[in-house]
Amino acid sequence: MIRLPEKLREKIEREALAALPQECCGLLVGADLAVTRLVPSPNLANGNDRFEIDPGLHIGWQRKLRDGKEQVIGLYHSHPTGEAAPSDRDLEDAAYPGWIWLITGLGEKKKPLTRAYRFFDDVAGRRFEQQQIVSE
Ligand SMILES: [Zn+2]
């Protein structure tokens with residue numbers, strides 16, 4: 001279960017639409033499995049079917065949050081023409097076990113739908129597991 005305030009979900013979905021035809025992306029900051037803020041990143045990838053978060057942004061926020069309760073707990077990105085589900089490339093590129101992945105799919109009708117996953121990499125293999133989103 002992922003806690004995601006409604007206004008943050010709406011913000012991601014606005015970014016997903018604004019980034020068209022590219023993917024939007026950014027970091028999730030929070031505590032445990034509760035997202036408290038978004039850190040939008042420029043998408044450093046070439047092409048409309050991929051994303052790359054600015055590594056400097058990631059390192060900078062890890063430093064900034066080092067002594068606090070909040071941490072970088074995951075990432076978000078959009079699928080401009082696809083579903084709110086991890087792609088094969090997402091699974092290939094996933095790096096931090098336990099991270100939350102919020103994926104906003106815009107589909108053919110450009111109607112945003114956001115789903116939450118967590119990435120795991122253990123004896124059961126590399127995989128995403130869908131999580132329920134609770135907004136408060
Ligand atoms: Zn993706």
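Mentor: Start with the pairing of S4 and S5, which run parallel and are joined by 6 bridges. This is a predicted model, and everything below is to be read as such.

Two of the partners can be named. Trp101 has Tyr117 as its bridge partner in S6, and Gly105 has Leu113.

The pairing continues past S6. Strand S7 (residues 125–131) pairs with S6 in the antiparallel sense, over 7 bridges. A hairpin through 2 residues joins S6 to S7. In this pairing Arg118 stands opposite Glu129 in S7.

Is Ile100 buried or exposed? Ile100 has 21 other C-beta atoms within 10 Å, and a residue counts as buried at 20 or more, so Ile100 is buried. Leaving aside residues up to four places away in sequence, Ile100 touches Ile2, Leu28, Leu33, Ile73, Gly74, Ala116 and Arg118. Arg118 in that list is the residue that stands opposite Glu129 in S7. For a distance, Ile100 and Cys25 lie 75 residues apart in sequence and 13 Å apart in space, C-alpha to C-alpha.

Helix H1 (residues 6–18) has 13 residues and reaches 18 Å from its first C-alpha to its last, close to the 18 Å expected at 1.5 Å a residue. Its buried residues are Leu8, Arg9, Ile12, Glu15 and Ala16. Seen down the axis of H1, these buried residues fall within an arc of 120°, so they line one face of the helix. An α-helix has 3.6 residues a turn, so residues three or four places apart point the same way. On the other side of H1, Glu6, Lys7 and Ala18 are exposed. What covers the buried residues of H1 includes strand S3 (34–41), strand S4 (71–79), S5 and S6.

Finally, the whole chain. The protein chain has 3 helices and 8 strands, and read along the sequence they follow the pattern β-α-β-β-α-β-α-β-β-β-β. Of its 136 residues, 29% are buried. Among contacts between residues at least 6 apart in sequence, 62% join residues at least 24 apart. The C-alpha atoms fill a box of roughly 40 × 35 × 30 Å, taken along the principal axes. A compact globule of 136 residues would have a radius of gyration near 14 Å, and the protein chain agrees with this because its own value is 14 Å.

Definitions and conventions: Residues are numbered from 1 along each chain as its sequence is written. This is a predicted model: local features need pLDDT of at least 70, side-chain atom pairs count only at pLDDT 80 or more; totals for chains, interfaces and linings use all residues. A residue is buried if 20 or more other C-beta atoms lie within 10 Å of its own, exposed if 12 or fewer, and partly exposed in between; C-beta atoms are placed from the backbone. Two residues are in contact if their C-beta atoms, placed from the backbone, lie within 7 Å. Two strands pair if DSSP finds at least two bridges between them. Helices (H or I, at least four residues) and strands (E, at least two) are DSSP runs, numbered from the N terminus. The radius of gyration is taken over C-alpha atoms; the globule rule is 2.2 Å times the number of residues to the power 0.38. The expected span of a helix is 1.5 Å times one less than its number of residues. The arc is that of the directions from the helix axis to the C-beta atoms.
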